[in-house]
Amino acid sequence: MNITKKRKQKLLAAALALTVMLTPGGIFAAQSGAGTANRAKTADGTSSAVSTYESAAEKPEVSAEGAMILCSGTNQILYAKNINESLDPLSTTKLMTVYLTMKAVDDGKITLDTVFTASRADTKVMESKLYLKKGEKMKVRYLIYATLLYSANDAAATLGSNLAGSKTKFASLMNKTAKALGCTGTRFTNANGLIEKGCHSTPRDMLLIARACFSYSFVQKVCQTKTCKIPPTNLYDDKITVTTTNPFYEKHKKVRRPYEKYNIIAGKTGTWDADNASLIEMAEYKSRYIYTVVMNDKLNKRYPDTVKLIEYARNVIDEQEALEQAEKQQTTSAKVTGAKGAVYSALGKTALFRQALSRINRISAANTARISTAGYTSEDGVRLEWDGVSGARGYDIYRSDGGTFKKIASTGADDEETYTDAGVKKNRIYRYYIQAKRGNMLEFFLAK
């Protein structure tokens, strides 16, 4: 049989490629993957890292009826207690009022120095309040200080009525905005959070609103202020001093400055009585933001409960940081090493092997399925979902726990593009990729 030189080269390149493809740890183990979140997506989707780490930190017990912790970056919920339960938002409602005010500033409709006028309806609210009078004028910035620090109900009402024209119209704007932020269980009826029929929210929704509001640097500045002197108005000759209601700015036992110890960035209280109080805080730890919510808590418990949540979140972040370091080491160790690596290194110096690798790259792109989601639960293990590859006759699932990738399962052409790996162990980082099954791979390689 007469085989041309070019054909011989293609056959040899094919043999080399098949050798490499049959030892996926050699090439594919060097692919980069996702981070350590329990539900991860990669940049290219071809491989995905999944953490089966279960925090050793003891989850806190809080007296609040509803509570939640969210960590920025991964948007990972670290703690959840009745987060979709309908509860009174109380004065944490004012975060939505301030958020809409800041949006109006962003949109150029007003400035922080725009002067708003209190209406009669704005002044007819219960304490806490500034005791504004009908026709009294005040700059927006000072209304925000009074709303966030002192939780003044008349200041919040004045912001709302001037922004939308009336209490009813502003409530409608609040509800529309809540839906846009992703809230599903919230309905506001006023700008200040006074308990009224039909007014309710959830810990999850209030966290979403707080996160949006706290994103403004001016809001953070206000929340980090202990006291503010509001200048005289057209109807009041003296300065008005407002003081924060945030318990993190009070001394607690041996902690003189809790706001420093816990690095509080912003926060808002909600108080009805001794048995119904709320507290939302945003703290920073190791360049991550920790958002905490307690709702329908005891007045004397909302601070210690929030401290428990922040400390728990810090412990989890410490564990995740250690896990990330471990993953980096695993990724490094997954590269080609030992005798096999030396063989690949030597072959890599030849034009023939470079030609083979070029073809491998094209094959890999055509046959590697994009992993869309990968998540872990202690009950089921790791569940993978991937996008189908045209013409695939099934898929081979490969897994690595830091070393060579090994095939752990195969699916058929009629099976769904999902697989649950129940054979994982706790406290590990696993990496997966999915290879589409073709017919004769040698023919596919020699084609074109």
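**Figure 1. Thr-202 in the loop between α7 and α8.** In this predicted model, Thr-202 sits in the loop that links α7 (167–180) to α8 (203–214). Is Thr-202 buried or exposed? With a relative accessible area of 3%, Thr-202 falls under the 20% cut-off and is therefore buried. Setting aside residues up to four places away in sequence, Thr-202 touches Ile-83, Asn-84, Glu-85, Ser-86, Gly-185, Thr-186 and Met-295.

**Figure 2. Helix α5 against helix α6.** Here you can follow α5 (residues 140–148) as it meets α6 (residues 153–164), with axes that come within 8 Å and cross at roughly 135°. That angle makes α5 oblique to α6, and the crossing is left-handed. From α5, the contact uses Val-140, Leu-143, Ile-144, Ala-146 and Thr-147; from α6, it uses Ala-155, Ala-156, Thr-158 and Leu-159. Sorted by class, these are seven nonpolar and two polar residues, with no charged ones.

Figure 3. How many of the nine residues of α5 are buried? Seven are, so α5 is largely enclosed by the rest of the structure. To pick them out, look for Val-140, Leu-143, Ile-144, Tyr-145, Ala-146, Thr-147 and Leu-148. Among them, Val-140 and Leu-143 are also in the contact with α6.

**Figure 4. Phe-116 and its neighbours.** Phe-116 belongs to strand β5 (residues 115–117) and is buried, with a relative accessible area of 5%. Which residues does Phe-116 touch, not counting those up to four places away in sequence? They are Ile-110, Glu-136, Lys-137, Met-138, Val-140, Leu-143, Thr-158, Leu-159, Asn-162 and Leu-163. Val-140 and Leu-143 bring in α5, while Thr-158 and Leu-159 bring in α6; these four residues also take part in the contact between those two helices. Met-138 is 22 residues from Phe-116 in sequence, with 5.6 Å between their C-alpha atoms.

**Figure 5. Helix α3 against helix α6.** This view moves to α3 (residues 94–106), whose axis comes within 10 Å of that of α6 and crosses it at roughly 40°. At that angle, α3 is oblique to α6, and α3 passes α6 in a left-handed crossing. On the α3 side you will find Lys-94, Thr-97, Leu-100, Thr-101 and Ala-104, which meet Asn-153, Ala-156, Leu-159, Gly-160 and Leu-163 of α6. The residues of this contact comprise five nonpolar, four polar and one charged.

**Figure 6. Helix α3 against helix α7.** What is the crossing angle of α3 and α7? Their axes cross at roughly 90° and come within 10 Å, which makes α3 roughly perpendicular to α7. Met-96, Thr-97, Tyr-99 and Leu-100 of α3 meet Phe-170, Leu-173, Met-174, Thr-177 and Ala-178 of α7. By class, seven residues of this contact are nonpolar, two are polar and none is charged.

Figure 7. Start at Thr-123 in helix α4 (residues 120–123), a buried residue with a relative accessible area of 10%. Beyond neighbours within four places in sequence, Thr-123 is in contact with Ala-118, Lys-129, Leu-132, Lys-133, Lys-134 and Asp-154. Ser-128 lies in the loop between α4 and β6 (137–139), and the peptide bond that joins Glu-127 to Ser-128 is cis, with omega near 0°. Tyr-131 is found in the loop between α4 and β6 too. Although not a glycine, Tyr-131 has a positive phi of about 65°. Tyr-131 counts as partly exposed, at 49% relative accessibility.

**Figure 8. Asn-263 in the loop between α10 and β9.** Take a look at Asn-263, placed between α10 (258–261) and β9 (264–273). Asn-263 has a positive phi of about 50° without being a glycine. Its relative accessibility of 31% counts as partly exposed.

Methods:
Residues numbered from 1 in each chain as written. Predicted model: local features only at pLDDT ≥ 70, side-chain atom pairs only at ≥ 80, totals over all residues. Heavy atoms only, no water. Axes fitted to C-alpha atoms, helices over the stretch in contact; angles between N-to-C directions. Parallel < 35°, antiparallel > 145°, perpendicular 65-115°, else oblique. Left-handed = near helix turned anticlockwise from the far one by under 90°. Contact = heavy atoms within 4.5 Å. Nonpolar A, V, L, I, M, F, W, Y, C, P; charged D, E, K, R; others polar. Buried < 20%, exposed > 50% of the residue type's maximum accessible area, 1.4 Å probe, protein only.
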